[in-house]
Amino acid sequence: MVTRRGFVGQTAFLGFTLLNGGRLWSATETDLGDAMITTLSDGHLSLPESFLFGDLDRDAVERVLGETGASARALEPPCNLTLFRANGAVVLFDAGSGPSFMPSAGKLPAALNAAGVSAEDVTHVVFTHAHPDHLWGVLDDFDEPVFANAQHLMGGDELAYWSSPDTLETISPERQSFAAGAARRIEILGDRLATFDDAERIIPGITSVMTPGHTPGHMSFEIAGDTGRVFLIGDAIGNDHVAFAHPEWHAPADQDPETGARTRLALFERLTEDDVQAVGFHLPSGGLGRIVRSGDRFDWDAG
Ligand SMILES: [Zn+2]
């Protein structure tokens, strides 16, 4: 007899093999002593230009894309989920796109499988924010929670925003499907979903850092093991081209572009001053690397 979970796993696996010519997953890893960080690929998005570049000066954008070598890949950003393993905790940051957002994304089941981790092993799912490519993977094809044994955690402001009945009425038309999708999943998760605040030690080794603008309650995380640290950026720095060359530009992908730019500039200062490893959800090479200052702009060093 084919079980529900076996069926879901198999379809995800087959879809991935067909679309990507046999490449099953990608991952990068860093050892923090008593903790291990692994990034897992959920595939990639295919975005319309308007979502990334909107009203930005077209010539200036083209120049940045040319200089950073990002022209060919800018509209297909990778999605990197992060797994933190320490002292019995198996913490997944964000849940990926799941089966119904985009055919090029939702590959997490294959990546977890290849890493030898089952969905049932995950003890916590911690969300940076409630956009589809971060939240929708919490439910399977049958609308049941994928991570059946996990406590799910979301920033309090983020949860309040997407669960409010006003949000669907007030959000811009192109984001209405985000709002409906988030509200439905939050409702189904019910009391499996708890909240946390800014600067809270939510799990030993993991502290929240409020980074609003991309969404109203977007959270980043400082992750510490006994020999190293990683700063998890989420979508607060959303790409390695325009955001790195001109962090002050208003990014159309940010719901509140002015706050998003302020947050981004502060993060660039903090991360280059600390010289800390960083992981970005849509940054290249598995999303794990270092942000380095280069004159009046920034570069991504994946080495
Ligand atoms: Zn996002």
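Me: Buried means under 20% relative accessible area, exposed over 50%, partly exposed in between (1.4 Å probe, protein chains only). By that scale, is His129 buried or exposed?

Reply: His129 is buried, at a relative accessible area of 0%. Bear in mind that this is a predicted model, where local features need pLDDT of at least 70, side-chain atom pairs count only at pLDDT 80 or more, and totals for chains, interfaces and linings use all residues. Residues are numbered from 1 along each chain as its sequence is written, and side-chain values use heavy atoms, leaving out hydrogens and water.

Me: Great. Which residues coordinate the zinc ion?

Reply: His129 through NE2, His131 through ND1, His214 through NE2 and Asp235 through OD, at 2.1 to 2.3 Å. Donors here are N, O and S atoms within 2.8 Å of the metal (3.2 Å for Na, K and Ca), and with no water among the atoms a site may look incomplete.

Me: How are those donor residues spaced in sequence?

Reply: The pattern for the zinc ion is H-x1-H-x82-H-x20-D. His129 sits in the loop between β5 (124-126) and α5 (132-135), while His214 sits in the loop between β9 (206-210) and β10 (219-224), so the two tie together parts that are 85 residues apart in sequence. Helices (H or I, at least four residues) and strands (E, at least two) are DSSP runs, numbered from the N terminus.

Me: And His214, buried or exposed?

Reply: His214 is buried, with a relative accessible area of 6%.

Me: Switching to helices: how do α6 and α8 cross?

Reply: The axes of α6 (residues 156-163) and α8 (residues 176-189) come within 8 Å and cross at roughly 110°. Those axes are lines fitted to C-alpha atoms over the stretch in contact, with angles from 0 to 180 degrees between N-to-C directions.

Me: Nice, which residues make the contact?

Reply: From α6, Leu159, Trp162 and Ser163; from α8, Phe178, Ala179, Ala182, Ala183 and Ile186. Contact means heavy atoms within 4.5 Å.

Me: Backbone next. What is phi of Asp143 near?

Reply: Phi of Asp143 is near 60°, a positive value in a residue other than glycine. Asp143 lies in the loop between α5 and β6 (151-155) and is partly exposed, with a relative accessible area of 31%.

Me: Last one: how far apart are the end C-alpha atoms of residues 78-282?

Reply: They lie 5 Å apart, and the span is 30% helix and 24% strand.
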